[in-house]
There are 2 protein chains.
Amino acid sequence: MSTQQQHHQLSLSPFNLYSNRVLLKTLLHHHAHDHDHGDGAVSLVGQRVLVGGWVKSSKEVKNKPSPSPSSLIMDDGFGETTRNKDVSCVEILQSRIPLVRSIFHVLGGKSYVPRKKLEHSSQHPLKAIMLPQPSTVYLLLTDGSCVSSLQVVVDSSLAQPSNILPTGTCILVEGELVKPSSEGKHFIELKADKVLHIGTVDTDNYMLSRKRIPLDLLRDYSHFRPRTTTVATVMRIRNVLSFATHSFFNDHAFIDVQVPAITTTDSEGFSNLFKVTTLHQKADKEKVNSIYETEGVSLEVVKAAAKEKSNQVENLKRSESNREALAAAIHDLRKTNELASHLEARENKTIEASLKDDKVDSSKDFFLCPTYLSVSGRLHLASYASALGNVYSFGPRFQADKTDSAKHAAEMWMVEAEMAFAQLKDSMNCANDFLKYLCKRVLENCSEDLKFVAKRIDNACFDRLQQIVSVSPEMLSYNEAIDVLRKVEDKKFETNFECGIDLTTEHLSYLADAVYKKPVMIYNYPKEVRPFYVRLNDDGRTVAAYDLIVPKVGTIISGSQNEERLNVITSRINELGLAREKYEWYLDLRRNGTVKHSGFTLKFDIMVLFTTGLSNVRDVIPFPRSYGKANN
Amino acid sequence: MSTQQQHHQLSLSPFNLYSNRVLLKTLLHHHAHDHDHGDGAVSLVGQRVLVGGWVKSSKEVKNKPSPSPSSLIMDDGFGETTRNKDVSCVEILQSRIPLVRSIFHVLGGKSYVPRKKLEHSSQHPLKAIMLPQPSTVYLLLTDGSCVSSLQVVVDSSLAQPSNILPTGTCILVEGELVKPSSEGKHFIELKADKVLHIGTVDTDNYMLSRKRIPLDLLRDYSHFRPRTTTVATVMRIRNVLSFATHSFFNDHAFIDVQVPAITTTDSEGFSNLFKVTTLHQKADKEKVNSIYETEGVSLEVVKAAAKEKSNQVENLKRSESNREALAAAIHDLRKTNELASHLEARENKTIEASLKDDKVDSSKDFFLCPTYLSVSGRLHLASYASALGNVYSFGPRFQADKTDSAKHAAEMWMVEAEMAFAQLKDSMNCANDFLKYLCKRVLENCSEDLKFVAKRIDNACFDRLQQIVSVSPEMLSYNEAIDVLRKVEDKKFETNFECGIDLTTEHLSYLADAVYKKPVMIYNYPKEVRPFYVRLNDDGRTVAAYDLIVPKVGTIISGSQNEERLNVITSRINELGLAREKYEWYLDLRRNGTVKHSGFTLKFDIMVLFTTGLSNVRDVIPFPRSYGKANN
């Protein structure tokens, strides 16, 4: 039994949390569990609990005009019989009974309601006439521990209704669990008798006061996002995936190695890097831009053109009138996009070159040399694999890529594994097992969250996870994949492919989504599209790399057997024109006690996307970072 | 039973690793376990296994001059009796029996030894005369899974001895587990009959060829370090601490939130930050230096003076002659150090100011605004705590601090936790439980590694861990701590203290190491020495912050209840002159549904230091980063 499951079955007492409050999931899942067995919420009713959370929705019900205190006093003893016919009044009295009881309770025990006030009202009952009309506030409270909310009933004598009614108000209350006062979907509710904390809301400026805010708008309010049911659900699932990651590797005797974020090595050899520095800096973009301008080509202009052409294509697609015009427009768009990426690559190279410029005196920088944020930890992991055997790492990796792709962010968490004495097949097996394990754990531990996902985001989520657990991926070499894609007639791809050109995400997703309708593993990639450290196959053209592609999100794991032969890796570095001196430390591992080794990278954020059915990775990262986006 | 323990008890077959090799810990712990119960290695003898690893030490034993092949052939059938008296020859024959057996085995099964070669030698036995003198190589092999090594016996006919003898050689061998051929500390050894891989060593240039390299020298070879028994042991313990961290928080229903490394917010408000950029940069140090020079004070000169004075103090201490001269020298050194830190702080401020300079056009940078590497994730965590309740994070944090302190590195991993509806006491309880849990897990899961630590690094390691598990910390307010320290007479501190000045690590350690000889928790720090977000106490002078100080390493956990009151935190920000616009997102959390919250930070690397008894944090971080040190 997992520890998560244990929690659901914990008794409410003693409270196991450091704040003494009870997590709502303990109450509501406990309840749901009982209900399944037909005995309702019986075991909870009558228990006293302390709960805290934020108001999800609320309503205030004014108590029917109550008899004035004086009339109540005068009616004492026989008034009740005369009003028995008046059902509303009886209801009011009934609804007040628990309150009265709890006031006595308070007087007998520790009192939150200031003693002075209580004494006042008992000594001077007539003062009650000056108070606003009494009401009962019904709050749906969430504390982030589960999807469900708890209904909390607060009498207006305990808290000013206008303070606690707004969505987002924080409240900590103590009270008794009771059967709901009215029929509804709630099986249990909390009758509050102490209000220990109120965190009010600045209603006019609180953006979550609005209902149903689109996810993309929420991204600019990442500090508030987890208060929405959707993002909270995503984060709970993310948490289960995170712990499952560590459990899997721990179970398989992998050592967790924290590889550095700051590095001098560019593992991929062709990435856009963030520079880490303590020196003053100057914007040299003008210089770079001017280069293009003297050549008569501006990246901005080309990009604008590409956007326009993209709109044209969309319009033509919608009109469905002229197939040839559409084909021509797509061709045109493709050419323009190619030019744009060419220019962008050149711009990046120019910046790269200017970083290498003699004028930049990195010897005065903090590390006395240029340092970057790590793109991948696999080279560093390989160093530890060459000593400890099986190792893994789980941490942030960085790419200064300006793309607006829904699958990319500047800072993403990656799970990387590396195994000594392991070959391509071993890495594939481990990657498959790992993915299956993650899906299994989510299915076992996130049933309430997945139900919400199925209802609100993507009703296929259960099937998708179940398929990973039960089905093995289709195995295809890169060349076989191209053959399959060539035969596709009912779909026109935006990018044509030739051997040696990387299959785009469009192609890969089509194989998993449309052709096989299940995970696909593509291996033996052309060496041109994989980093220098991947092991060269005997054909001299392909390398021992693979991608595991799943429906809905595409590539989720990229793996490889890495090059253990010193002479081969050295000539690969030369071939690619990489700065060999930066890789000397890695070559050292090949010079001394080299070992066959293989591993893989799972894009953790994409895994969360796959699990939750959301489409943009920015919605599953706690504080997403991307071009122009970093606001906290 | 933990999963770690389960591994020790796994049967050798089926192999659970993706590479099919058996982890040495499975063999050697299995064995050790049996041995404890007195039945030796019986259950392992005769099993065939595949093991891989790196040579730790080796010896070659030349087989006694064997009779020439022709004489062996001629003696066939009756030669044995005539040589029975010659013990050495009998030994040789005995030692060859398994080899002969395994050759037959190889011929019958899959063969690694090239068939051609075997045919040659069987068809032309006389060729054996031309081969070098046969020998037996004894390798002590380690694969990083445990401290112990396995003795592997390789006949020279399987591998060129000169290729496999050097320390650091990687070898993958198959063979049979046998009782050791000679008496010694080994209870089992592997008689190799297939050599599947050899990764040779460039002996002249392989720095680990040397014996007993000091740890500080090893730091420049972080890619090779885990091949040493010490660093491998540290990394295994680190791994257990890492998984224990996740287990603790998972068990207590905390949600793992990956807070960003790239941030616009300086959580501490007074740290040296690394800047993250994609722009070209210029060294402006000259400008900064010139400022000092015009004022007639150079940081370099002051630093040099401080070093000289430090030497003087050391000399005086050693001579023990003149107490007054020593006191004066210490005073002088302190003044010089103060000047140096003052200058350094000013230098950093100048750089900081120049970063804010109008000329730096951050609007052209990747995020269109200045971004830094995160110093602390607690503000970001507070955002998620204000929605999900209890959250934690485990990741790298950064400080561009040039100090050479043994407790500091530029990139360190931190465990941060934040709890909604929790106050100072709750955070203290959670921090204590967490620390106890970590120590308990290490004691339970790292017994072999701790034995090595006790023998080679620090024989007090068991006691230190045991004390944390069994003893509660001494609780002292900051003022009480100062009172206690004032009364100390037998120790002269390098820094004097006044109330309001942060107690130095020297003072804190003295309380834990010398006064109480156990963990000490100091709380209610003066507000000046803690960040703006810590909750102000009712006295208006102190804040609800605490440090948990343990013997040997000092502060290991820093925690606090954080300010939930908008007006108080706003005035704290103004008081400290912080750039309020950077904290608006955080203030939003206080404006809307604010909640009492508290949490703590455990310095993970310091925890590893505490556990392993090492004294420099650079020796327990896989790839340490510090001023001038980043080489991969």
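Into which domains is chain A divided? Chain A falls into domain 1 (3–215), domain 2 (219–278 + 365–619) and domain 3 (279–364), with bounds that come from an automatic or database domain assignment. This is a predicted model, in which local features need pLDDT of at least 70 and side-chain atom pairs count only at pLDDT 80 or more, while totals for chains, interfaces and linings use all residues. Residues are numbered from 1 along each chain as its sequence is written, and chains are lettered from A and ligands numbered from 1 in the order in which they are written.

Chain A has 21 helices and 16 strands, where helices (H or I, at least four residues) and strands (E, at least two) are DSSP runs numbered from the N terminus. Of the 632 residues in chain A, 45% are buried; a residue is called buried if 20 or more other C-beta atoms, placed from the backbone, lie within 10 Å of its own, exposed if 12 or fewer do, and partly exposed in between. Two residues are in contact if their C-beta atoms, placed from the backbone, lie within 7 Å, and among the contacts in chain A between residues at least 6 apart in sequence, 73% join residues at least 24 apart.

The next element to follow is a barrel in chain B. Five strands of chain B close into this barrel in the order 1-2-3-5-4, with mixed pairing, and the twist averages 50 degrees from one strand to the next; the axes are lines fitted to C-alpha atoms, for helices over the stretch in contact, and angles run from 0 to 180 degrees between N-to-C directions. Two strands are said to pair if DSSP finds at least two bridges between them. Strand 1 (residues 48–62) of chain B runs antiparallel to strand 2 (residues 135–142) of chain B and is joined to it by eight bridges, with B:V55 standing opposite B:L141. Strand 1 of chain B is also joined, by seven bridges and again antiparallel, to strand 4 of chain B, where B:L50 has B:E174 as its bridge partner. Strand 4 (residues 170–178) of chain B is mostly covered, since seven of its nine residues are buried. Nine bridges connect strand 4 of chain B to strand 5 (residues 189–199) of chain B in the antiparallel sense, and in this pair the bridge partner of B:L172 is B:H197.

The loop between strand 4 and strand 5 of chain B holds B:I188, which counts as buried because it has 22 C-beta neighbours inside 10 Å. The C-alpha atoms of B:I188 and B:L44 are separated by 8.1 Å, although these residues lie 144 residues apart along the chain. In chain A, A:G46 is found in the loop between helix 2 (24–36) and strand 1 (48–62), and A:G46 is exposed, with 10 other C-beta atoms within 10 Å. Leaving aside its neighbours within four places in sequence, A:G46 is in contact with A:E176 and A:L177.

How many residues does the contact take from chain B and from chain A? The contact takes 104 residues from chain B and 105 residues from chain A, and helix 9 (residues 229–251) of chain B gives the most to the side of chain B that touches chain A, with nine residues. By class, that side of chain B has 48 nonpolar, 36 polar and 20 charged residues. Because 100% of the interface residues of chain B are also interface residues in chain A, the copies meet through the same surface.

A sheet contains strands from both chains: six strands form an open sheet in the order 7(A)-9(A)-8(A)-8(B)-9(B)-7(B), with antiparallel pairing. Strand 7 (262–263) of chain A and strand 7 (262–263) of chain B stand at the edges, each with a single partner strand, so one side of each is left without a neighbour in the sheet. Strand 7 of chain B pairs with strand 9 (residues 371–373) of chain B over two bridges in the antiparallel sense, and B:I262 stands opposite B:L373 there. Strand 8 (residues 275–277) of chain A and strand 8 (residues 275–277) of chain B pair over three antiparallel bridges, with B:V276 as the bridge partner of A:V276.

Chain B can be laid on chain A with an RMSD of 0.1 Å by a turn of 180 degrees and a shift of 0.0 Å along the axis, which is the relation of a two-fold axis. For this comparison, the copies are superposed by least squares on the C-alpha atoms of residues with pLDDT of at least 70 in both.

How values were computed. Nonpolar A, V, L, I, M, F, W, Y, C, P; charged D, E, K, R; others polar.
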